[in-house]
Amino acid sequence: MKSIFGSQTIEINTSVDDYFAILDGKTVVVKILRAENGRMDLLIDGERITAYVSSDGAKRWVTINGRTVMLTKTSGAKQGVRHEHAGGLIAPMPGQVRSVSVGVGDVVKKGQTLAVIEAMKMEIRIQALKDGVVAALLVQVGQTVEREQILIELVDKLESENV
Amino acid sequence: MFNKILVANRGEIAIRIMRACRELGVRTVAVYSEADRDSLHVQFADEAIFLGEAAPKESYLNADKLIDAAIQTHADAIHPGYGFLSENASFAAAVDSAKLTFIGPSADSIHAMGDKAQSKIKMKQAGVPTVPGFEGLETEVDFKQAAKKIGYPVLIKASAGGGGKGMRVVNAENELSEAIESARREALNSFGDERLLIEKYLADAHHIEFQVFGDQHGNLLHLFERECSVQRRHQKIIEETPSPLLSPKIREKMGQAAVVAAKAVNYHNAGTIEFIFDPKTSQYYFLEMNTRLQVEHPITELVTGIDLVQWQIKIATGEKFPFAQDDFHQHGHAIECRVYAEDPMNNFLPSTGRLLQFIEPRGPGIRVDSGFAIGNEVAHFYDPLLAKLIVHAENRETAIQKMQTALCDFVVHGVATNIDFMQAVLKHDDFANGRVSTKWVEQTLESGSLLPAVLQPAAELQNLIAAALSDILFAGSKPQPAVSNETDPFSPWKSSIGYRIGENSK
């Protein structure tokens with residue numbers, strides 16, 4: 001069975017007692033000593049490790065030896081949703097929109113604060129990365145936003161005149 | 001003793017206080033907001049009162065609702081915890097007016113220490129060392145003259161301030177007028193008060209605070225120091241006691257100064273005198289007083305052996321604090337690490353979500369004060385503290401080792417945490433040598449030497465294998481629908497009545 005995490009493809013095959021993991025053409029033997037409730041005691045290439053794994057959609061949280069990493073599983077066919085928008089300003093953290101200081105059609109300067117997001121007593125100013133015109137406001141004051149959600153669309157001044 | 005106490009807080013501190021109440025045989029009332037319906041502190045209490053919307057103004061900061069809840073449940077006292085309304089003099093006064101007991105100092109003491117300029121003037125009068133500087137200045141000319149007298153760099157800060165707001169470091173005279181203007185604006189916005197004070201800026205200073213504790217009969221003592229210099233943007237991350245910097249002689253002098261400072265405002269209950277400490281000269285200066293229980297109180301409890309929260313409650317009933325200064329000694333070394341739901345890889349911004357895994361470390365000398373469990377939602381409305389991991393060991397070196405091991409056993413999935421970051425701090429030579437000033441985290445982050453160790457390829461492979469294997473092993477492990485394949489309708493395995501093999505029914 002093949003799984004893709006980020007840019008890496010790992011294949012797990014089983015035999016009678018053991019599992020084999022294949023990565024970059026190299027095969028390692030994996031023995032499962034115990035597995036329950038998101039905890040696995042494994043022998044990987046002879047080294048005994050305890051791994052904690054939780055899954056949430058495509059996310060896999062893995063802790064081994066006190067180090068936690070978050071891997072994202074991608075299916076070969078479908079790519080994950082991309083948040084890269086030419087002029088879209090995204091939320092750098094989850095939180096609540098505290099204020100929006102511009103309207104659609106407003107001309108803004110690079111560095112100007114367009115909105116403020118608040119989370120856990122911390123305020124983050126969403127500033128224009130370049131001069132431009134507000135093409136769309138995608139959130140309202142008081143709204144809860146996720147990390148990387150697009151808040152405001154900005155276009156270049158010329159572009160807006162063409163529309 | 002009180003019959004029932006309402007805990008006007010949430011998270012780990014609410015649970016910490018309720019634990020002390022239980023031990024004293026006092027019933028507890030929790031309060032909660034919309035976001036905290038399923039929170040642990042609500043389950044921990046004997047009864048719980050819903051306050052309102054998640055926004056603090058509608059819930060934990062709403063004095064009227066809190067007092068109403070206490071009256072409605074026939075509680076006789078309110079413990080404010082830390083944060084929220086804990087240092088709000090009018091709340092303390094309102095609790096008194098409602099014929100309830102505020103578990104903390106008097107409203108007058110809170111008020112006297114609430115203003116930075118006023119409290120500094122009071123401390124000077126009491127003979128407590130303060131940072132050289134001036135209060136009550138108005139014109140720019142006044143500030144210019146003052147700065148010249150003090151010598152640059154100077155610090156401008158809001159009289160009503162806190163948390164670094166309305167605070168500016170000024171390195172030279174040509175930066176002064178802009179700094180005054182922007183600090184004034186920020187102070188007015190944040191505190192509705194534009195008064196500023198000016199003082200000498202101490203660059204490599206440490207933050208060392210002293211716990212004080214007093215009863216309502218005039219007995220007030222100190223319970224030694226806490227070194228809290230590992231902080232980022234005025235947010236403390238790691239605290240320890242004893243401080244690796246203090247000699248017994250300086251410790252005694254600072255402790256006495258802390259007692260004088262607290263007595264100057266007729267203080268009773270638990271409080272903390274914060275000092276700035278200059279490691280080059282061993283000079284210390286009064287910074288401010290926190291008129292409440294501190295987040296980091298557990299390390300003091302571990303080295304002194306007393307339960308501060310239980311004593312807060314007893315003192316509030318009018319009981320005497322039956323100790324003398326000589327009764328207290330520091331035993332061993334204690335460290336606290338604050339596990340925050342924030343992402344060091346995303347500029348330490350808050351991280352929210354549902355906790356998919358939450359395993360707290362255990363073992364001798366390990367204490368975890370936490371307010372979360374697996375399945376809980378970490379919401380964006382409140383501060384990002386998930387848990388406090390506290391260790392106690394024979395000396396500093398063994399305490400650091402114990403903390404490193406305990407952090408290694410702390411597993412949190414579902415939100416990003418600062419656990420790796422704290423490991424990097426504990427491992428750093430500067431921390432080992434006690435050379436961490438309050439600016440150290442920011443400076444060291446900038447230099448890049450505080451990044452968590454890069455994952456070795458072998459570790460990366462292990463992570464991938466674990467993730468892929470868990471999909472195979474656990475994906476099908478969800479409970480199967482309860483369809484029985486059994487043909488025997490009288491099978492004992494189906495019976496819902498308690499049944500033990502090899503035991504005759506009686």
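Predicted model: local features only at pLDDT ≥ 70, side-chain atom pairs only at ≥ 80, totals over all residues.
Chain A contains one helix and 16 strands. Its 163 residues include 24% that count as buried. Among the contacts of chain A that link residues at least 6 apart in sequence, 39% connect residues at least 24 apart.

The contact between the chains draws on 41 residues from chain A and 35 residues from chain B. On the side of chain A that touches chain B, strand β6 (residues 47-56) of chain A contributes the most, with seven residues.

Turning to chain B, the assignment gives domain 1 (4-103), domain 2 (132-200) and domain 3 (206-447). The C-alpha centres of domain 2 and domain 3 of chain B lie 29 Å from each other.

A helix pair is worth a look here. Helix α4 (residues 89-97) of chain B packs against helix α5 (residues 107-114) of chain B at an angle of about 175 degrees, and their axes are 8 Å apart. With an angle over 145 degrees counting as roughly antiparallel, α4(B) and α5(B) are therefore roughly antiparallel to each other. In this packing, A89(B), A92(B), A93(B) and D96(B) of α4(B) meet A107(B), I110(B), H111(B) and G114(B) of α5(B). The residues of this contact are five nonpolar, two polar and one charged.

Chain B also holds an open sheet of eight strands, in the order β14-β13-β10-β11-β12-β15-β22-β20, with antiparallel pairing. At its edges stand β14 (283-290) and β20 (366-370) of chain B, each with a single partner strand, so one side of each has no neighbour in the sheet. On average, neighbouring strands of the sheet are turned by 25 degrees against each other, direction ignored. Within the sheet, strand β15 (residues 333-340) and strand β22 (residues 385-393) of chain B run antiparallel and are joined by eight bridges; H333(B), for example, has A393(B) in β22(B) as its bridge partner.

Helices also pack on these strands. Helix α1 (residues 11-23) of chain B touches β20 and β22 of chain B, and its direction makes about 55 degrees with that of β22(B). Helix α9 (residues 248-263) of chain B lies across β10 (206-214), β11 (220-232), β13 (269-278) and β14 of chain B, running at about 105 degrees to β11(B).

Technical notes:
Residues numbered from 1 in each chain as written. Chains lettered and ligands numbered in written order. Contact = placed C-beta atoms within 7 Å. Helix = DSSP H or I, 4+ residues; strand = E, 2+ residues; numbered from the N terminus. Axes fitted to C-alpha atoms, helices over the stretch in contact; angles between N-to-C directions. Parallel < 35°, antiparallel > 145°, perpendicular 65-115°, else oblique. Nonpolar A, V, L, I, M, F, W, Y, C, P; charged D, E, K, R; others polar. Buried ≥ 20, exposed ≤ 12 C-beta atoms within 10 Å, placed from the backbone. Domains from an automatic or database assignment. Pairing = 2+ DSSP bridges.
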